[in-house]
Amino acid sequence: MMDDSKDLTLKILAEDLRLYKPSHSIPIQQSHSDSESARTKPNRAAVLVCLFQGDHGDLRVILTKRSSNLSSHSGEVSLPGGKREEGDADDVETAMREAKEEIGLDPSLVNVVAVLEPFVNKRGMIVVPVIGILSDKKAFVPAPNASEVEAVFDTPLEMFLKDENRRAEEREWMGDKYLLHYFDYESDNERYVIWALTAGILIRTASIVYQRPPAFLERTPKFWSRTIV
């Protein structure tokens with residue numbers, strides 16, 4: 001009976017999220033020649049926000065701790081994902097391919113239900129969040145790629161709406177003052193900090209799923225939603 005209830009909850013969530021229409025999007029720019037492709041490497045990435053229902057009925061999201069040996073963002077918490085490759089048909093394919101490469105998540109286990117508005121970081125990298133639902137969590141046995149991922153863990157999605165285990169720092173960029181949020185989480189005696197763009201994506205996702213704003217002042221950076229041509 002518990003499994004039936006869980007399946008129903010995820011089914012309703014999937015139906016609701018399929019109705020979500022992002023307020024804006026940034027089209028994928030296709031290169032028309034090999035020389036053009038070499039000059040303009042895709043400045044676009046996609047991440048997978050993979051949701052599942054925990055043992056206590058709460059919605060949870062899969063996260064990774066990046067390897068300490070990586071040249072960028074080493075040791076930081078992130079969502080599975082990475083840069084688009086020329087062969088990727090769309091952002092969904094990028095997110096799913098990267099999740100399989102990084103943590104061994106079989107795409108056939110994930111039901112993709114929504115693509116959110118793109119986020120743009122300071123360097124102009126477009127990051128597109130893809131929401132997927134993992135109905136059978138037991139079928140997923142994490143197999144982290146040691147060269148990229150140090151740990152795979154999960155957190156309650158709703159924590160990103162609560163003003164608990166959270167702190168914020170005011171930052172400024174090109175005259176725009178914004179808040180950078182940090183969420184502390186402990187799992188299996190390991191402490192993790194989820195912050196910056198990853199935290200922003202999870203706040204957005206939680207706001208959509210639970211249909212309410214966070215219990216704190218968000219004040220996101222304006223550059224996250226700027227238009228890239």
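Reply: The structure holds 15 salt bridges. This is a predicted model, in which local features need pLDDT of at least 70 and side-chain atom pairs count only at pLDDT 80 or more, while totals for chains, interfaces and linings use all residues. Residues are numbered from 1 along each chain as its sequence is written, and side-chain values use heavy atoms, with hydrogens and water left out.

Me: What makes Arg-60 count as buried, and Asp-58 as partly exposed?

Reply: Buried means under 20% relative accessible area and exposed over 50%, with partly exposed in between (1.4 Å probe, protein chains only). Arg-60 has 15% and is therefore buried, whereas Asp-58, with 24%, is partly exposed.

Me: How do you know that Glu-117 and Arg-204 meet in a salt bridge?

Reply: Their side chains come to 3.0 Å, N to O, and that distance lies within the 4 Å of the definition. The pair links distant parts of the chain, 87 residues apart, with Arg-204 in helix H4 (residues 196-210) and Glu-117 in the loop between strand E5 (110-115) and strand E6 (119-120). Helices (H or I, at least four residues) and strands (E, at least two) are DSSP runs, numbered from the N terminus.

Me: Is Glu-117 buried or exposed?

Reply: Glu-117 has a relative accessibility of 5%, so it counts as buried, while Arg-204, at 29%, counts as partly exposed.
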